[in-house]
Amino acid sequence: MTAPSLERKALDMRRGACPALSAPMMTGDGLLARIALIDAISPGQLAELCRLAQRHGNGILDISARGNLQARGLTEISAPMLDTEVRALNLPLREGLAVEVPPFAGLDETEIVDPRPVAEAIRQAARGIEGLAPKMCLVVDGHGRLRLSHLLADIRLVAVRSGENICWKLMLGGPETTGKICGVFDDADAIATAISLLQKLAAMGNKARGSDLANGLPVNADAQPSISPFGLFALSNGFHAIGLGPAFGQAKAENLIALCYEAERLGIKSLKPALDHSLLFFGTHEACKALATFAGRAGFITSSADPRGHIAACPGSPACTSATIATHAIASEAAAECADLLDGSFKLHVTGCPKGCAHPEPSALTLCGTADGISLIGRGKAAKPPFASISFANTSASLRRIADLVRIERREGENSAACLARLGTDRLAAAVTSGRP
Ligand code: SF4
């Protein structure tokens, strides 16, 4: 029997391209394929996906910041096999345009409205639209507890109350804090407007993004920050969810399989990969608590207080050929040494190169690998000019000096992000270079 093989030209190797299941992307450790789901799966199904990742790849799986599973270390021979065998599992795979809803949609008594019907209507109506940017993304957010406000979206619909009515605020580009407001619409008009905007973007070519239509529109002023998905949540109908996650979004298949077996043993029947590299397991209060205990012992993040959950680290070296540093090793050390700095008010960004895959937005503090060592960047994206450059060996000591400076200078009620911003990059640079906080 001849193994199916990908045409080389079918392998989408552009930086920034979307590594979908059928069009994997080349990385430092081989091809990477994305398995995007639009609904919950069972622990047994996740365990089966992990076994496929072991059989066809290197057994490493990512859970992306948007909650997609990614199998790593595939080859041109094995990637099509993974594609075929994943499809044979009959999972709720996303096909076509990404229209994302929060993971508790329909289960959250605090949400203004269940966003799934509007999201599904947009998915259906957008089927015939060709030529959109590969990473085009819509968010439909019912405004519950676990929101998608920090994720970038070309088009975002957020439920709002307008008197007795429930409407949708439609925004273009950015996370919710910087999205530009296009208008407030009822269900039908929100769907029609979203489709009309998609048609305009398609006509502008496959590089056009939502922000390209936002010129002159007002910036959204009342966005609320999203909360951490890690920890225990009470949902409607007596259901609970426990948010767990591998450190820095990457796990060995065998560890995830063990977690899935334990979830099954506890009677947990469904789970969703979700935002911020999390896995949300749904079950009884007792089962969720017991799974958290098991997961904590196995090294998973189980609480919003875990400093590792406040670090965004890309795969780094050796998984990515563009990386000059071992991001996960640096991030682990930062979490262990500087937990006081990592209070959840910002994501410490540890990136293997200035592309900044793990955190496309500005961060209060970024560590970026360079040919000579590490650049420190304040209040910006990874590609911004650094305020200091340090050697790899000095990373922990430099971070500790910044953490000590914040600890000494922090005003009452001030969080780390606000303190870092108030101190400014000159003070941070002085602390790093003088060797004193
Ligand atoms: S940011 Fe990290 S994962 Fe992305 S290209 Fe650079 S080194 Fe690779």
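## Strand 11 and its neighbours

Phe233 has Ala241 of strand 11 as its bridge partner. This pair belongs to a predicted model. Strand 10 covers residues 231–234, and its pairing with strand 11 is antiparallel, over four bridges.

Strand 11 also pairs with strand 14, residues 278–283. That pairing is antiparallel too, and five bridges make it up. Here Leu244 stands opposite Leu279 of strand 14.

## Backbone exceptions

Most residues other than glycine have a negative phi, and most peptide bonds are trans.

Asn237 is not a glycine, yet its phi is positive, at about 60 degrees. Asn237 sits in the loop between strand 10 and strand 11. These two strands form a hairpin with five residues between them. With a relative accessibility of 72%, Asn237 is above the 50% cut-off, so Asn237 counts as exposed.

Asp276 also has a positive phi without being a glycine, at about 55 degrees. Asp276 lies in the loop between strand 13 (270–274) and strand 14. Is Asp276 buried or exposed? Asp276 is buried, because its relative accessible area is 13% and the cut-off for buried is under 20%.

The peptide bond from Ser317 to Pro318 is cis. Its omega is near 5 degrees. Pro318 is placed in the loop between strand 15 (311–313) and helix 7 (327–337).

## Ser149, a buried loop residue

Ser149 belongs to the loop between strand 6 (137–141) and strand 7 (155–162). Its relative accessibility is 5%, so Ser149 counts as buried.

Which residues does Ser149 touch, leaving out those up to four places away in sequence? The list is Asp141, Arg156, Pro175, Glu176, Gln224, Pro225 and Ser226.

## The chain as a whole

The protein chain has nine helices and 19 strands. Its radius of gyration is 22 Å, close to the 22 Å that the globule rule gives for 437 residues, so the chain is as compact as a globular protein of that length. The C-alpha trace spans about 60 × 60 × 50 Å along its principal axes.

Of the 437 residues in the protein chain, 52% are buried. Take the contacts between residues at least 6 apart in sequence: 61% of them join residues at least 24 apart.

## Surface and charge

The protein chain has an accessible surface of about 18700 Å². Carbon and sulfur atoms account for 52% of that surface.

How many positive and negative side chains does the protein chain have? There are 44 positive and 43 negative ones. The centres of the two sets lie 4 Å apart.

Conventions:
Residues are numbered from 1 along each chain as its sequence is written. This is a predicted model: local features need pLDDT of at least 70, side-chain atom pairs count only at pLDDT 80 or more; totals for chains, interfaces and linings use all residues. Side-chain values use heavy atoms; hydrogens and water are left out. Buried means under 20% relative accessible area, exposed over 50%, partly exposed in between (1.4 Å probe, protein chains only). Contact means heavy atoms within 4.5 Å. The radius of gyration is taken over C-alpha atoms; the globule rule is 2.2 Å times the number of residues to the power 0.38. Accessible areas come from the Shrake-Rupley method with a 1.4 Å probe; for residues, only the protein chains shown count as cover. Lys and Arg count as positive and Asp and Glu as negative; His and the chain ends are not counted. The place of a charge is taken as NZ of Lys, CZ of Arg, CG of Asp or CD of Glu. Two strands pair if DSSP finds at least two bridges between them.
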